Amino acid sequence: MKSFVVETMAGEAVTGSQMVIAETPLDAAKIGTGREVQQRREEMEWVRVTDEADAAVFRFAFKG
């Protein structure tokens, strides 16, 4: 399991943040938001997930 920082975003502004322990960035986004997510395109509301071990950043959007 890895540590991820999960941030909900409105454009480029952080609207919420929490630490999540999960297997993958996708799992961390789902756990951290309690919602289903998909790969981000140009959505204004989105989720930024940062892998604390290697500082990799992943971007997801809410489904539906």
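Which residues does Thr33 touch, not counting residues up to four places away in sequence? Keep that in mind while you look at the structure. The list is Val6, Thr8, Val47 and Phe62. Thr33 itself has its place in helix H1. One thing before we go on: this is a predicted model.

What holds strands of a sheet together in general? Strands pair through backbone hydrogen bonds, either parallel or antiparallel.

Now let's walk across, pair by pair. Begin with S1, residues 2-10, and S2, residues 13-22. Nine bridges link them, in the antiparallel sense. To find one of those partners, look at Lys2: its bridge partner in S2 is Ala22. S1 and S2 also form a hairpin, with two residues between them. In that turn, Gly11 has a positive phi of about 65°.

Next comes S4, residues 45-51. Seven bridges join S4 to S1, again antiparallel. Here Thr8 stands opposite Val47 of S4. Remember that both Thr8 and Val47 are touched by Thr33.

Move on to S5, residues 57-62. S4 and S5 pair in the antiparallel sense, over five bridges. Arg48 stands opposite Arg59 in S5. S4 and S5 make a hairpin too, with five residues between the strands. In this hairpin Ala55 takes a positive phi, near 60°.

Last pair. S3 and S5 are antiparallel, over three bridges. Gln38 has Ala61 as its bridge partner in S5.

On to the core. How many residues make up the largest nonpolar core? Eleven in all. They are Phe4, Val6, Val20, Ala22, Ala28, Ala29, Val37, Val47, Val49, Phe60 and Phe62. Which elements give two or more residues to this core? S1, S2, H1, S4 and S5 do.

Two arginines deserve a look. Arg35 lies over the face of Phe62, 3.8 Å from the ring centre. Arg40 lies over the face of Trp46, at 4.1 Å from the ring centre. What about aromatic pairs? The structure holds zero of them.

Back to where we began. Thr33 and Arg59 are 26 residues apart in sequence. In space they are 13 Å apart, C-alpha to C-alpha. Phe62, by contrast, is on the list of residues that Thr33 touches. That's my tour. Thank you.

Notes
Residues numbered from 1 in each chain as written. Predicted model: local features only at pLDDT ≥ 70, side-chain atom pairs only at ≥ 80, totals over all residues. Heavy atoms only, no water. Pairing = 2+ DSSP bridges. Helix = DSSP H or I, 4+ residues; strand = E, 2+ residues; numbered from the N terminus. Phe/Tyr/Trp six-rings, centres within 6.5 Å; stacked < 30°, edge-to-face > 60°. Lys NZ or Arg CZ within 6 Å of the ring centre and 35° of its normal. Core = buried A, V, L, I, M, F, W, Y, C linked by side-chain atoms within 4.5 Å. Buried < 20%, exposed > 50% of the residue type's maximum accessible area, 1.4 Å probe, protein only. Contact = heavy atoms within 4.5 Å.
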